[in-house]
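Colleague: I would like to go through this model with you. Let us take it one question at a time.

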Amino acid sequence: MSTQKHYTGLIERYRDRLPVSASTRIISLNEGNTPMIQLQNIPRLIGKDVEIYVKFEGLNPTGSFKDRGMTMAVTKAVEEGSQAIICASTGNTSAAAAAYAARAGIKAFVLIPEGKIAQGKLAQTLMYGAEIIQINGNFDKGMSLVKEIADHAPVTIVNSINPFRLDGQKTAAFEIVDDLGFAPDYHCLPVGNAGNISAYWKGYTEYAVSRVCSTRPVMCGYQAAGAAPFVAGHMIDEPETIATAIRIGHPQSWDFAWAAQKESGGWFDKFTDEQILAAQKMLSQYEGIFCEPASATSLAGALQDIGSGKIPEGSKIVCTLTGNGLKDPDTAISQCAAAHPVTIEASLDAVKRAILDCL
Ligand code: F0G
């Protein structure tokens, strides 16, 4: 008989490192425990002796890393007696908030920038039954409205300014160390509102303090060129990028993220939409891993910095792939326009010809 325990989510797994008690009702969809996949073809292709692992967070229940923070934030909101949660979002937080609210039996309100969230994220949020409030402004505007409204209505904010969000998200760092047996040399990830880089640093630091790992990684935060306040060194008012998930100019975790960069000896950098999309396609076509555009920023950054030697050969690198490619089918399909399928006659001959033409 197997002694394996049924996996019931990251709060149960890391309960002793999270702010829950024995009587807390855990709101979970069995999030976390996502795969670390070692890239096999890309390192060979770039001719560098590096170990690159991707932490594929797109395989969480709602398809992004936001589920880690949301299981904690909604668990705590329910414990505190809250009947409703609210967030501003570029799409993934709204999907996660909506799902965990449905699971808990409470209401979710989400503010999203009209026309600037990917279709899959909108579909999810609608299906989970959240109250969607579209605004004709960007994420930053939505965020400032959410901060104000919480003083006027009985709703709990579940954006990453809610400290329980970062507590949930730090478990990704625990999983990486538990999986590898050590902390990587470099950790590369996309940065938008900057909650995730702050949460990873918190996780690695807690494990290092407890001597679960002896080192912490250098943190590399990568942004979209049109939405790169950390590279500019100041907030940006009109952020723009095809990677709508990280279309953010006024990140809320500004100080935490700078601390992660400074304490780890890391850096921020920025990448054009073309570079981001090229990395997304490369990962799909050479490794069979389909992430959303924002997520591929981590690989775009890692490849550039490996290429220049800033990340030296022999390094062990983890790139977080924050969300699933299925969330944004429009961007994927338009990227592959040249390979658009042609329709042929439904006959054996025609199919045979089509195959032989390609070989
Ligand atoms: N990648 C994806 C797929 C995201 O959805 C986000 C943020 C990030 C990266 C950046 O993470 O904000 O912690 O620096 N999405 C938020 C949202 C803002 O509303 O879904 P961050």
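Colleague: In which helix is Met-127 found?
Modeller: This is a predicted model. Helix 5 covers residues 119-127. Met-127 is therefore found in helix 5.

Colleague: Is Met-127 buried or exposed?
Modeller: Exposed means over 50% relative accessible area. Met-127 has a relative accessible area of 73%, so Met-127 is exposed.

Colleague: How far apart in space are Met-127 and Gly-301?
Modeller: In sequence, Met-127 and Gly-301 are 174 residues apart. In space, C-alpha to C-alpha, the value is 34 Å.

Colleague: What is the distance from an oxygen atom of the ligand to a polar backbone atom of Asn-193?
Modeller: A polar contact needs N or O atoms within 3.5 Å. Backbone N or O atoms of Thr-93 and of Asn-196 each lie 2.8 Å from an oxygen atom of the ligand. For Asn-193, the value is 2.7 Å.

Colleague: Which elements give two or more residues to the shell around the ligand?
Modeller: The shell holds 21 residues, with Ser-89, Ala-194 and Thr-322 among the closest. The elements asked for are helix 4 (92-104), helix 9 (195-209) and helix 13 (293-308).

Colleague: How many charged residues does that shell have?
Modeller: Eight residues are nonpolar and 11 are polar. The charged residues number two.

How values were computed:
Residues numbered from 1 in each chain as written. Predicted model: local features only at pLDDT ≥ 70, side-chain atom pairs only at ≥ 80, totals over all residues. Heavy atoms only, no water. Near = heavy atom within 4 Å. Polar contact = N/O pair within 3.5 Å; in protein donor to acceptor, adjacent residues only side chain to side chain. Helix = DSSP H or I, 4+ residues; strand = E, 2+ residues; numbered from the N terminus. Nonpolar A, V, L, I, M, F, W, Y, C, P; charged D, E, K, R; others polar. Buried < 20%, exposed > 50% of the residue type's maximum accessible area, 1.4 Å probe, protein only.
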